[in-house]
Amino acid sequence: QTRIALVVKSLGNGFFDAAAKGAEEAAGELGDVEVIYTGPTAATAEAQIEVVNSLIAQQVDAIAISANDPDALVPVLQRAMERGIKVISWDSGVAPEGRQLHLNPSDVNLIGETIIKLAADYLPEGGDVAILSAASTATNQNAWIEAAKAVQPEKFPNINIVATVYGDDDSVKSTEEARGLIAAYPDLKAIIAPTTVGVVAAAQVVTDQDLIGKINVTGLALPSEFKQFIDNGASQAVALWNPIDLGYSAVYLAEALVDGQEAAPGATFSIGHVGEVTLDDTNSAAMAAPFQFDKSNIEEFSKIY
Amino acid sequence: MNRLLKSRELWLALAILAVIVLVTMRFPRFSQPNNLLTIFNDTSILMMLALGQMAVILTRSIDLSMASNLALTGMIVAMTNAAFPGVPIPLLIAGCIVVGAALGAFNGILVWKLDIPPIVVTLGTLTIFRGLVFVISGGAWVNAAQMSQEFIQLQRGSFLGLPILSWFAIVVAALVYVLMTRTRWGRAFYAIGVNPTAAVYTGIDVGRTKFLAFVLSGAISGLAGYLWISRYVIASVEVASGYELTIIAACVIGGVSIAGGIGTVGGAILGALFLGVVNNALPVIGVSPFWQMAISGMAILVAVILNARGAIRKGRIILKKAEVAA
Amino acid sequence: MTDPILTLAGISKSFPGVRALHDVSLELYAGEVTALIGENGAGKSTLVKTMTGIYQPDAGEIRVGGRVIALPTAHSAADAGITAIHQETVLFDELSVAENIYLGHAPVNRFGMIDWKTMRREAQLTLDSMAAGIDASIPLKELGIAKKHLVAVARALSVDAQVVIMDEPTAALSQKEIEELYVLVELLKKDGKAILFISHKFDEIYRIADRYTVFRDGEQVGKGFIKDTPQSEIVRMMVGRSVDQIFPARVADIGGMVLEVSGLSHPTEFDNVSFSVKKGEILGFYGLVGAGRSEVMQAVFGMTKPSRGTIVLEGKSVAPRSPADAVDAGIVYVPEERGKQGVVTGEPIFKNVSLPSLKKTSRNGFLRMAEEFKLARTYTERLDLRASSLSQNVSTLSGGNQQKVVIAKWLATLPKVIILDEPTKGIDIGSKAAVHEFMGELVAQGLSVIMVSSELPEVLGMSDRIVVMREGLVVDTVDNTNLQPETLVRLAAGIIEEQAA
Amino acid sequence: MTDTTATGRRLPDRLNNPLKSTVLSWESLLVLVAIAIFIFNASVSPYFLNAWSLSDMTFNFTEKALIALAMALVIITGEIDLSVASIIALASTLMGLALNVLGFPTPMLVLVGILTGLACGAFNGFLVTGLKLPSIVVTIGTMSLFRGIAFIILGDQSYGGYPRDFAWFGQGYVWWVISFELVLFLIAAVIFYVVLHRTNFGRRIFAIGNNATAAEFSGVRVDRIKFVLFCLTGLMSGVAAVLLTARLGSTRPSIAQGFELDVITMVVLGGVSILGGAGSILGVVLAALIIGLVTFGLGLLNVPGIVMSIFTGALLIVVIALPILWNMWKERRA
Ligand SMILES: Nc1ncnc2c1ncn2[C@@H]1O[C@H](COP(=O)(O)OP(=O)(O)OP(=O)(O)O)[C@@H](O)[C@H]1O
Ligand SMILES: Nc1ncnc2c1ncn2[C@@H]1O[C@H](COP(=O)(O)OP(=O)(O)OP(=O)(O)O)[C@@H](O)[C@H]1O
Ligand SMILES: [Mg+2]
Ligand SMILES: [Mg+2]
């Protein structure tokens, strides 16, 4: 039996729970695969290291991790690889030397462009927008924000990014930061929160302060958690990839490595019903473009994840 | 007048005013009544918690488990609401207070009957309570979509122009004020903090009084549990994690002496407000979020140093000429 | 003869290792003052506490007006009409004077809320009736020790009681306040209250008491009417022998100057204090409690920083900035508050003794237990310490034996000057004699001793010279030859000046 | 040694057999607990009894335990230091700064980390002893301050790129499965044991904890010793920062979040009285081991960390309550 550990940033997060569902699905399809769904309760690197340590001791066959810190986990994951464990990162990546391959939920640049486009689409006149991110250390968020800032001058010239703040994926901190943004920037037209925790907090603040229609909240959100804010108009549209597919794919990739497939630039892996992915120069692969949710489809997807 | 000038509360109020004035000079909108009310509302939960913590600290104890108690009761009430949306909210709130008080009573019993130092007891229950959040929820979060509208909206309603949440804080503050100043129970908190041996001579049961202080802080934590969850519309294991130290910081800034026996309701409230105003002002004046932590650390240190200066015991004065001078 | 208001019969009370009270009885009569007399540790305060619901007696009964009552709490005693001024101050610095008086039995309004207005008014009335001159609304911490004691008295009077107990109420009061207290006691007598008065001062007892009861070692050894009993008789009952032999005869062999303190001042506690001690001399320091003697000694010992003044030890100027410096220089101090400042409670005897001498017993900073035991044994046995072993916890020792541990600790450092602050306060008569004898030995060995004491006989019996302090100032330094006790009392109380003024 | 006094009595050194008190001591209780957990772990997980597993286990607690050694001394004097985790963050950040901005070599990096810790400890010590402030409040303040400075310096950035030889401090092995961290901890434990239980300094620490006033009156330089102990705790936090940074290979301002409570739990579980005056280094070492065993054992069963904390929290209360209940029960019977 192959034991694959799906290590997430923190337990209890709806996004990761959905991913775990996909992972189980993949395990069922592959047969003879056991998925160990685990992670720390607080999203810190140290806690994740302890989890990885105990996985190494259990001599699992593969670790698929969504990392709280791209660098801090490298040494322990290297040790895992030394002990013959296959290591991949997914969602939030680890530096290349700490994993064999990385699965991006989507193309970084594509996500970056999507999140700013979501804001721009509903701001024909342009205006001030602010970004409410997760932890200041989150790899994936930082990459997306950078990408968004990179495309903005050219593609969305009348959008003005006034600030980037960090809610640490903590609802209280996120709420406070959102309030701070609204107080500090009276002309704020949109808040982009590329994190499922932050986006809910921001939408709740906008709802509470009767700013629906004045400030549009957008970003990356789980439909099931976010449905009500599309319904009440705090948000026009959000995007996300399918976390179920993400977990599903992570297990397929890990299993492929355990089976002896090599992770090298250009290699192609097949992933069940998702299709196949090809590794780039940094051994990273990207899944589909983020999917957009608005009034027309949120009802349907909120039942799925 | 002289006494007023010496009061810590006055100086703290002035400090808060100074921050408001300074920020307003650059951002006139900051001191708009609306924004000030918002700050008050934002600080409501911290105020209540600080009052509960104050009761405990007055008795020379400390309650490190308040934030975990809040998270546990919050999770219980959120799950109850998700499972039985029909249960009326006032009943849920009453339930929260009872559950919180029961958790506080657990701390209190260990302190009272077994005489274990409060810091050890609550260090233990700090982790136990939070662990239980995970156990009862299986780690899953309860989010806005699962909560009923009444559950979320109650505190957002307004009465006489103030949000209900603010009213909760005002009512709790008023009750605690009456308790602290007008009842034997409240005076006993002060008495055993000032002089535990002498308190025994006045017929106060020191252990039982400490127990009651823990029950009070627990009950307030429980109430705060509901308010917190319905305010941030998410119940998770990490709710208010690490907040216990913020609560203590509010007390300390408010002039509550960690050695017991000294502290006022007004002080604790101002201490909480001070943190609220500073936290609110920093983003507004464009201070990088990365400076916030260091600034609140400095605020705590400055407050402690000032409080200590104010509290330096004149001691008794033997010399007649010195007595005249004083 | 009228029946007593309050009767105690067969009361016994033990603490772990101590039999504080054994089968004692006591009667208190309306309109009369009964003096309770006994040496330190005789069990007087323990009896008070059993009468006020703070301790529960192991055996015996308490009857009020003929009815047997139980006093499970301090409240129940007040309800039964018994109130007390305790020896320990039952006071709260941070609270207001009014609340100090009413804590535990504050007046409440019809909603059960404390009625501050009434409380303040009543408190002020009580204070005014005592002519205390205290504002009931100020915080207690703003009062001096004597005024605080008056607050304690007011606290006792705020309870509407038939029985008023006063446990050494005058210990911290000045002469003027003591006089006022006497007036108060007379008033209470006229009111028909029964008063139990505990005091070590005989002049006082003879002045206000009608009856007396004497305790020794927790047992009642005598009672009667004051006016029928001469003082010497009571003293004999109390001590079990006659008193004059207490102080050892001593041939003073006084040498050169050892310690010279001049112009020592402190902003609030004392001013321009000068004195000197010679080799082989016992210098007594007399004054009323609170005269500032301890403060001066602690400044010499480096605990508090003087603002001015010089200390010269054997010709060399020293300025100890901490007790450690003072000890290094050869000045040691046996503090007044033994439990708080003297012994490290919770540690065994030998560790207490070796603590200041660790440099000597250790090698390169590493402990050598054998050396410590040796050192501790040498000095504790010289002092005839009563203990089961050197590893016994000091907190389980009796007061006198704790005092011996403190003295042993200092002797082991081979000091030049030893300061003893109230060396026999609260220790039993046997140990007291031992300490006095030992002081004699110390000076015979060439040490210099400074003895702070509030006990007149002790000061007169032991000192070669006596420094008298009052209100932070040195009033006079007198040679102890044919000195009349009255002289010292006058100096200490400032009566001479008052008469002159 | 049969000399007697004039009165013919001789005080014995001690009455009870020292062996008996050892057998009944707190440490032996902890040893039993540790053995029980060890056996439990070995029986429920086939992966536990493996040299590499056991070695990996030690990484989970050595850094905290190093600080716990010093914290024990601070707590024995009746003080507390809540800022240790923040000192790690600041020390780690300054090391990163020294590497990335100044290009310091490894020995200098280690020095920067340790000196930063020392400086932070001295700052705490000054506030507590110089300004006479309560340590619990002071260190709640510096806890925010130190980590806050790390945030100011680093913001959302991280420092990485630590040299290979630096990484050895956190990842290297001295011999076979024996890691450098473990060896360092064991050496430190022996040193602390000697200092606390075998030297004048240690004796004075206990005296301060039992009765600071009386100790001062006995010529112990209370403030100086407390100051030194805060410095020492800072220093050990600096050492822990070096190890943790080397182990993680990177620095974030959020590093070591929440360590302080784990450290204090170790100290208290080790039998150190939070009120001061009692405790032993052996107890602290055993408590660190127990916490390591519990968390690692549960980790092997994939029990989430938060659930483990229920066990450690309960262990803390139960282990402290048991002797008290035992005494109460004995008294009731007597
Ligand atoms: N709580 C206690 N625990 C143990 N022993 C006690 C306690 N209280 C009093 N004792 C002991 O009981 C004895 C009687 O003490 P008590 O205080 O009654 O004496 P006293 O007559 O009031 O003396 P003093 O004149 O010094 O006030 C003493 O030996 C004392 O040490
Ligand atoms: N204002 C006060 N409030 C409370 N306690 C006091 C006050 N003044 C003095 N005391 C206490 O009264 C006792 C006697 O005072 P203390 O010995 O310090 O004064 P002193 O001038 O040194 O006395 P002495 O001259 O008798 O040695 C001490 O136990 C002290 O703590
Ligand atoms: Mg007495
Ligand atoms: Mg004195």
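Student: Which residue of chain C does Arg221(D) form a salt bridge with?
Tutor: Arg221(D) pairs with Asp328(C). Their closest N and O atoms are 3.7 Å apart. Keep in mind that this is a predicted model.

Student: How many salt bridges cross between chain C and chain D?
Tutor: The rule finds three.

Student: And how many residue pairs are in polar contact there?
Tutor: Eleven residue pairs, with both residues at pLDDT 80 or more.

Student: Which elements of chain C touch chain D with two or more residues?
Tutor: Six helices of chain C do: helix 10 (323-329), helix 11, helix 12 (349-354), helix 13 (358-361), helix 14 (369-382) and helix 15 (399-411). The largest share comes from helix 14 of chain C, with six residues.

Student: What classes of residue are on that side?
Tutor: The side of chain C that touches chain D has 21 nonpolar, 14 polar and twelve charged residues.

Student: How many residues does each chain give to the contact?
Tutor: Chain C gives 47 residues and chain D gives 30 residues. The buried area between chain C and chain D is about 3200 Å². Carbon and sulfur atoms give 54% of that area.

Student: Which pair of chains has the most contacts?
Tutor: Chains C and D, among the five pairs that touch.

Student: What about chain A and chain C?
Tutor: No contact joins chain A and chain C. Their closest C-alpha atoms lie 38 Å apart.

Student: OK, chain B and chain D next. How much area is buried there?
Tutor: About 3300 Å² is buried between chain B and chain D. Carbon and sulfur atoms give 90% of it. Chain B brings 38 residues and chain D brings 42 residues.

Student: New topic. What are the protein donors of the magnesium ion (ligand 4)?
Tutor: Ser294(C), through OG, and Glu336(C), through OE. They lie 1.9 to 2.1 Å from the ion.

Student: Where do those two sit in chain C?
Tutor: Ser294(C) is in helix 9 (residues 293-300) of chain C. Glu336(C) is in the loop between strand 16 (331-334) and helix 11 (338-342) of chain C. So the pair ties together parts that are 42 residues apart in sequence.

Student: Is Ser294(C) buried or exposed?
Tutor: Ser294(C) is buried, at 16% relative accessible area. Glu336(C) is partly exposed, at 23%.

Student: Last one. Where is Ser302(A)?
Tutor: Ser302(A) is in helix 10 (residues 298-302) of chain A. Ser302(A) counts as buried, at 16% relative accessibility. A polar atom of its side chain lies 2.9 Å from the backbone oxygen of Glu299(A). Leaving out residues up to four places away in sequence, Ser302(A) touches Pro223(A), Ser224(A) and Lys227(A).

Conventions
Residues numbered from 1 in each chain as written. Chains lettered and ligands numbered in written order. Predicted model: local features only at pLDDT ≥ 70, side-chain atom pairs only at ≥ 80, totals over all residues. Heavy atoms only, no water. Donors = N, O, S within 2.8 Å, 3.2 Å for Na, K, Ca; no water. Helix = DSSP H or I, 4+ residues; strand = E, 2+ residues; numbered from the N terminus. Buried < 20%, exposed > 50% of the residue type's maximum accessible area, 1.4 Å probe, protein only. Contact = heavy atoms within 4.5 Å. Buried area = accessible area lost by both parts, 1.4 Å probe. Salt bridge = Lys/Arg side-chain N within 4 Å of Asp/Glu carboxyl O. Polar contact = N/O pair within 3.5 Å; in protein donor to acceptor, adjacent residues only side chain to side chain. Nonpolar A, V, L, I, M, F, W, Y, C, P; charged D, E, K, R; others polar.
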